[in-house]
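Here are a few friendly notes to read beside the model. Take them one point at a time.

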Amino acid sequence: MNLICNLFSSIFPSLEGDGSQREREQTIDSSMRFAVLGLIKGSVFWLLVASLLGLIVSVKLHSPTYLAEYGWLTYGKAYPAFWNALVYGWLFNAGLACVAWIIARLGGRPSGNSAVLAISTGAWNLAVIIGLFGIFKGDQNPYRMLEFPTYAAPFLFAAFIGLGIWILLAFKARAYRSSFASQWYALAGVFCFVWIYTVAQVMIFCMPAQGVFQSVIAAWFGGNLLGLVVAPFAFATIYYLIPKALGQHIVGYRQSGIAFWSWILFSSAAGLASLVNGPFPAWIASVGVVASFGLFLPLSVFTMQFLSSLFSSFSKIWDTLSVRYVFYAVVAFIVATVLTILGALREVQEMTQFSQYNDGVRYLFLVGFAGMAFTGMVYYILPRLLNKELPNPSLADLQFWVQGLGIFLVTVSLVYGGWAHGALLNGSDADTIAILKSTDTYLFLTTIGSVMFAIGNFAYAVSFVWILLSPRTEKEQSADLIEPAPELEYTHS
Amino acid sequence: MNRGPFIFIGVLIIVSLSWAVTLVKPIQEGGNLSPIGKGADRVPTLVEGLALRGREVYQEQGCVNCHTQQTIAVTGTDIERGWGDRQSMPLDYIDQSPVFTGYNRVGPDLANVGTRRTEAGWHYLHFYNPEITSPGSNMPPFAFLFEKRKIVGEASNRALDLPEGFRVEEGYEIVPSADADALVAYMLALSQAYEIEEAPTPEKLAYK
């Protein structure tokens, strides 16, 4: 067998033979430096925008007169602008940067076409600007995560096609035939976004379904955007970072396939659970509840894999910045998914339906899980892409703790405050304003959490600009700083 | 799982299955409802004229982010609160696109606000400054939908009759804009106060 392989590779020489591992990595990095940095720049910019909007939204919730004289910034516009800037601005830019880089690196060969990636990145960010501008102008749609006006959707879609094609080409150009879990999730996320966004746009806006079925489609889309696009990108980074940054292979890697397929299967309907009791066919919500419970299967596999891998090198978690973020992301993922599953229970829904509970869980899932995983990955990518060390690690330390605490505060106050609010609203006929006043403490806590999160994000932006602008030291100019990372554990099936 | 097409097809099958079962099937089965009756007896009642423009203002201002438009009778206390007499049904929404069923009740449900709050004056004051009509509310004031102008000659008969403590300085008046008029018309038109036979009500549920 070996002989045949050797013969084969002498006829078709591949890149593996040339130079050292690290030299090849540097070729890959330099082939996509501009484009990936563009995505990261976009993500940092939108993160700052989103944290500012988040702050405004949370202040407005307990002090309604704050900035009330600006019609374009009323709560009803700032709120969707915040969530859309957070997801389409920050998480998509950051997630795609991580995924594009991972695909290229795991492929082991520079794929070229970086102009496609760079142009699509620009188009995507332009589309997000158009969308947000549309919301402020008053053209928003009343559906979660579809608030961008219909005229922004084609731009968003076209830009994503460009980004997706680049990722597919990079996957296709890989030198290693076998694929790693990160690659499956990256591809799945790309396919799913194209599919669910088409379904939502066509069935709600182009050929609108009748009445309440538009809400059903929107609930399906909203759940899938989180479960089938953002989450897979985050899984891709976690599967990549644990072996690479911690030097620890994924414990129980063989079960990844089960986790992957069951996650896609159950996530694809879990979002419908939010429709219970409403003016919708009851069985649709029941499908959503059942699917939410199905998430226990992938959740247990993920928990086993990630926690065992992390705990087996526990002492190293706190020394490695990227891994610390991954640890936070994993814990946030477990908590958020458990809350999603419990939140689908009928008895719990009677308390939490229409309350801030769902916002809290969504926030934890998006920011605590996906956002923290991407931030950890960006801190892993940057020194490699630029061949510079992080100029001020203590600033990044500060960022981790402040962001972590901020996310924790926001989540706890929204989840617990939402529970308290919903229990009174759905379970009594007490005066609605009196109920609201009783949850004021939680609303204030949310603001404190948002302030902390914003401070952390500011530190992140400073770190990012600092490493971009700082001149290389002599050592950095003359030598390669990056130590070779361990190989990933591949399946050979 | 080493090939892109395998993952593509697997994911496509699963997501398409979810799409076909939870979206296409129910829409084929229940997405072709037609109104019952004609004229004044039509179910659901039509929202027309100025109220339709108000519907657009409702959408522009993002009211849906704090208010639902669905009465729930099978659980909860919506009926006790007087937010409706029966469960909202898909038939209630067949004329609407987009629908404002909503996600969050920072404020009360509005499916029947037109039968609950029948006075236009109340709504004008409420939009101008919620503190006037609902002290302690965290609804933002929509003063930007009103015009503050100098009284020239006689005061406008459309000016808001503001109570003590909220009045503007002497010689000025607050007049609603066209958008405010439309939004109030929409509020007054929001009602599901007609009967739908199969809709669950507390009485029907009690017999179960």
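1. A word on the ground rules. This is a predicted model, where local features need pLDDT of at least 70, side-chain atom pairs count only at pLDDT 80 or more, and totals for chains, interfaces and linings use all residues. Residues are numbered from 1 along each chain as its sequence is written, chains are lettered from A and ligands numbered from 1 in the order in which they are written, and side-chain values use heavy atoms, leaving out hydrogens and water.

2. Now the interface as a whole. Contact (heavy atoms within 4.5 Å) involves 69 residues of chain B and 84 residues of chain A. Salt bridges across it number zero, counting a side-chain nitrogen of Lys or Arg within 4 Å of a carboxyl oxygen of Asp or Glu.

3. Finally, look at two rings inside chain A. Phe235(A) and Phe302(A) form a stacked aromatic pair, 4.2 Å centre to centre with 20 degrees between the planes. Rings of Phe, Tyr and Trp (its six-membered ring) pair if their centres lie within 6.5 Å; planes under 30 degrees apart count as stacked, over 60 as edge-to-face and the rest as tilted. Phe235(A) is buried at 0% relative accessibility, and Phe302(A) is buried at 0% too; buried means under 20% relative accessible area (1.4 Å probe, protein chains only).

Definitions and conventions: Buried < 20%, exposed > 50% of the residue type's maximum accessible area, 1.4 Å probe, protein only.
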